[in-house]
Amino acid sequence: MSTTSVLVTDPARELPLAKRRRPRTAGDWLLAVPGLALLLIAMIAPLIWFLWDSIADIGTSADIFANVIETVSDIIILDAAYYTAATSLVVTLICVVLAYPMAAALTLARGMFFNLLIGAIIVPYFTSTIVRTYAWMVLLGRGGIINQAMLDLGAIDAPMQLLYTHGAVILGMTYVLLPYMVLTIFTAMKAIDPRLLQAAQSMGSPGWYTFLRVYAPLTMPGVMSGSIIVFILSTGFFVTPALMGGKDDVMIGNLIQSEVEINLNWGLASIISIFALVFILALYWTYYRIANIGALIDQEDSR
Amino acid sequence: MTTILKAPAYGFSRRSALVAGLATPALIARRSGAAGGQLIVRSPGGAPEESTRRHVWQPFEAETGIRVTPVAATGARVFAMFRSNNHELDVIDIGTATLLTLQRQGGLASIGFGDWRRTDPKDIPEAYRTSHYIGFSLYGTVLGVNTTMSGAEGPPRTWQEFWDVSKFPGPRSLPDMATGLAPLEIALMADGVPLDQIYPIDLDRAFASLSRIKRSISKFWDTGALSVQMLADREVAASAVWSTRIIPAIAGGAPLASSWEGHIIMTQALGIFRNAANMENAQRYVEFALRPDIQANLVQSSRSGPANQKAYEHLPAGYGNDVAGGPGLAGKGVLLNEEWWGDNREVINRRWARWVRS
Amino acid sequence: MSALQRGEVVVRNLAKRYGSYTAVADVSLRAAPGEFISLIGPSGSGKTTTLMMIAGFSNPDAGAIWLDGQDITDLSPQKRQLGMVFQNYAIFPHMTVAENIAFPLRVRRWSKSKITAAVNEVLRLVNLQAYADRLPRQLSGGQQQRVALARAIVFRPQVILMDEPLGALDKNLRYQMQSEIKDLQRKLGTTVIYVTHDQEEALNMSDRLIVMDHGKIEQAGRPSEIYDKPATAFVARFLGEANLLPIRAVGADGDAIMVTTPGGKTLRVRNADTVVAEPASLLFVRPEKVRMTSGCTPAEAALNTFPGSIRGVSFLGSMVRYTVDIQEAEPVLVDVANDTGATLPGEGEAVTLEFSEAVTRVISA
């Protein structure tokens, strides 16, 4: 032992806390069986049936292969994929920027005020997407409230084209998806031990430094989870782009919907769906590698 | 968190629910067995369902004792029933395009015209009547305008005027391919093609014509409700809309007007699933729905045209001057060629997507 | 140790109310430079609230806090330059041990090389050199405690506040850490204000104890002083075991006073530093200070002695605790050292207890 040390015990003798957790047993996995079975029967099996049945319909494997190649190299599909990814990314980023302070305000609110805030965030969430989207159309239309107010104030001479634009799609989607982000980040913020912030303060850290070095990093798992949820939900949108977008606002979801509903071409719909699924899984995998979700989850556990 | 991430991403769950939902009509059917037997009909939902219930289902039940169970379903869901061999429906009340697709894949029973007693098939023009499905109510795509947005020349009355944005200014809308049809006939009419030469459609000419109006289109509409809403909200000054949507809106006081010049006649039709459980009832229902008196009651509430021409005898004088397929409008419109669309829809769909993007 | 010692904390008339509940009422205390003082009391006694006001996390409703002659009452916590160790350690879970310890130095914009040197030195002090790059979740409770300690001392604050820092550790480890913290504090010459509800911990570590109850200071003083001369029945009971017999003062005898028990016994008590104002008081004597002899002495009249019989015996290892009936309101506890090897008396045996006047005190009820 070092001579400068005043400590008499050897810390290595103690077991690290993390290793004291009970190892998982077969019984633990058995508990998951009913849930997994339900998932398999209710969600996965019909999906596989749909994909298999409709793709097999195309013809021989060579036909299918040719069809797949044609589809994934189709400029329309690639265009929609790009538009979907870009829009989803922008929507996710805007959601983070808006949701972060909202979630923080929520952690500070108490009693009646908290109920009001959480209500304001959740109630629109219970309203159907179509109703919420129509509400925005009333606001943004050429004869809508915003244009009317601007005209009355003399700020503009002719109504602005607010609806049926990229911006309108992003606005509408952000509005629908914001609650997911707020609630996910709120949960992460709520889990932060307030004494960590006091500790930082006691060590002389000013507010901004505590936020940057302690608060923000600890909320990152929540921000990442929220982003993944919002991004994945975004990529599946088709009602909002159809109602609020212009002629160029075509997402992958719109293509699939039109193949399923209008052209009844389910083979093509399936190929596009698988294309989108692979795209999202690839994205999720990348995220997993970068952020190492497992480690973050472990960290949450050990507290 | 991981549970959410492991759940099927994308909109697949919707489709799973759709497939899983195929089981519901069976439950309804079992519960509603009545003395005269039963009949399960695909319903279009909304206002059309209400008028069909009042003017067709209820009198049918009263006359035959057969209990009618409506099941709301999209075209895709009807198609899914066929694909999964769950023929839970007997009669399919839907746009002709879906029935044509089903018929081409062998999903429909032939209509037993020979057994008809009180309706004469010959009263229904052959254009609406095929061996496996039959149009029963007609509506049109017409030129709709918001009268408060007209310029000095007044509102456009023809598709050529619709295309002339300098004389008739204001933003416009047209139906999107997502409605199942692209506005190709309209584009040809605007380009001066006579009504009798519309089909087969010259795609190059139609798209070239569309390209000339594209800049003035702020949005292609994809639902009937949205089409008239955009006119009423002054989002657009002129549009191609369904007659059954705009005529009630005008009657309701909206500052809109419509022109039948160059309208396109479309048909709502009836078909019977080939393996229908209640085949006999289904055949009786189809004849019943085409009977002149029943037709007359049904079309009046929705301002549509009857397929059975004898129905005009039961309708007020002049009714035929203001409905699709009406004798007073003969020569002003063209009947949509469903066969041609069935052959070309996929090609047009792709070309449309490219054209919109260009 | 620096020649000019700093780290004096003075608290004057501090008060804190939450609605109608008074958490702290009129607390004054002084911690001299380099002194280790403990705030001790049951939960709800106001000890933690007092500490939090000193730290700056809670605003007092009244009173003032001074640090080395400067009024810091209205200073924000980050400007007070106090080290702080929290009950659950409050280590940043996303930073390594070294990053945690470097945090207060980064805040102070020290140079990289200075930070590295300081962190290494402190790591050596708490014997965690090998753990610099570990994450907190890879450490045991004791190790996490050391990180919290290292982080609180690394920027060399004159005063360190500790809020039940050993509460989460098991008993053996707690005892070890007590001496480690004490050694560290002596070595650095830091003033420590320590909050605990563990009386042994407080007695073991502190230069001075401040016993609190219901938001007030009951008594302050050196551990031995408080143990031997508790000012109130509460203090007597809270620290260690105490025999408290109701008595009535009947007169003075030179520098001693005469008291009688309800059972009719008369005692002579040397109690010069306590003025017995009220006639009804309590007689206080620690169990280990009662002398017990076998057999019943005939000298019934002997002052300060009680005949009794043993009702219960509990063997506690280094000593034996007897419960003895003496025909008063309550039986008396007597601790006898288990050091003679002789046979100790058993249950039911007759004994004589002696409350010698030097170790027996009268305190207010």
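This is a predicted model: local features need pLDDT of at least 70, side-chain atom pairs count only at pLDDT 80 or more; totals for chains, interfaces and linings use all residues.
Chain B and chain C do not touch, and their nearest C-alpha atoms are 19 Å apart; contact here means heavy atoms within 4.5 Å. Residues are numbered from 1 along each chain as its sequence is written, chains are lettered from A and ligands numbered from 1 in the order in which they are written, and side-chain values use heavy atoms, with hydrogens and water left out.

**Chain B as a whole**

- Chain B has 14 helices and 10 strands; these are DSSP runs numbered from the N terminus, with helices (H or I) of at least four residues and strands (E) of at least two.
- The radius of gyration of chain B is 21 Å, which agrees with the value near 21 Å for a compact globule of 358 residues. That radius is taken over C-alpha atoms, and the globule rule is 2.2 Å times the number of residues to the power 0.38.
- Along the principal axes, a box of roughly 65 × 65 × 40 Å holds the C-alpha atoms of chain B.
- Buried residues make up 56% of the 358 in chain B; buried means under 20% relative accessible area, exposed over 50%, and partly exposed in between (1.4 Å probe, protein chains only).
- If you look at contacts in chain B between residues at least 6 apart in sequence, 69% of them join residues at least 24 apart.
- Chain B carries 37 positive and 33 negative charges, whose mean positions are 7 Å apart. Lys and Arg count as positive and Asp and Glu as negative, while His and the chain ends are not counted; each charge is placed at NZ of Lys, CZ of Arg, CG of Asp or CD of Glu.

**Salt bridges**

- Over all chains, the structure holds 33 salt bridges; each is a side-chain nitrogen of Lys or Arg within 4 Å of a carboxyl oxygen of Asp or Glu.
- One of them pairs Asp74(A) with Arg354(B), with the closest N and O atoms 2.9 Å apart. This pair crosses between chains: Asp74(A) sits in the loop between helix H2 (61-72) and helix H3 (75-108) of chain A, and Arg354(B) in helix H14 (residues 338-357) of chain B.
- Asp74(A) is buried at 7% relative accessible area, whereas Arg354(B) is partly exposed at 34%.
- Within chain B, Asp322(B) and Arg303(B) form a salt bridge at 3.2 Å, N to O. Asp322(B) lies in the loop between strand S9 (305-306) and strand S10 (333-335), and Arg303(B) in the loop between helix H13 (292-302) and S9, so the pair ties together parts 19 residues apart in sequence.
- Asp322(B) is partly exposed, with 30% relative accessibility, and Arg303(B) is partly exposed, with 27%.
- In chain C, the side chains of Arg321(C) and Glu241(C) meet at 3.8 Å, N to O, in a salt bridge. Arg321(C) is in strand S17 (residues 319-325) and Glu241(C) in the loop between helix H8 (233-238) and strand S11 (243-253), so this bridge ties together parts 80 residues apart in sequence.
- Arg321(C) is buried at 18% relative accessible area, while Glu241(C) is partly exposed at 37%.
- Shared partners link Glu70(A), Asp74(A), Arg350(B) and Arg354(B) into one salt-bridge network.

- Ser218(B) belongs to strand S6 (residues 217-221) of chain B and is buried, at 16% relative accessibility. Not counting residues up to four places away in sequence, Ser218(B) touches Gln161(A), Tyr164(A) and Gly246(A) in chain A, and Pro171(B), Arg172(B), Glu235(B) and Val236(B) in chain B.
- Ser304(B) is in the loop between H13 and S9 of chain B and counts as buried at 2% relative accessibility. Leaving out residues up to four places away in sequence, the contacts of Ser304(B) are Ser137(B), Leu138(B), Thr244(B), Val299(B), Tyr319(B) and Val323(B).
- Ala109(A) lies in the loop between H3 and helix H4 (111-126) of chain A and is buried, with 7% relative accessibility. Beyond neighbours within four places in sequence, Ala109(A) is in contact with Phe114(A) and Leu117(A).
- Ala109(A) and Ala200(A) are 22 Å apart in space, C-alpha to C-alpha, and 91 residues apart in sequence.
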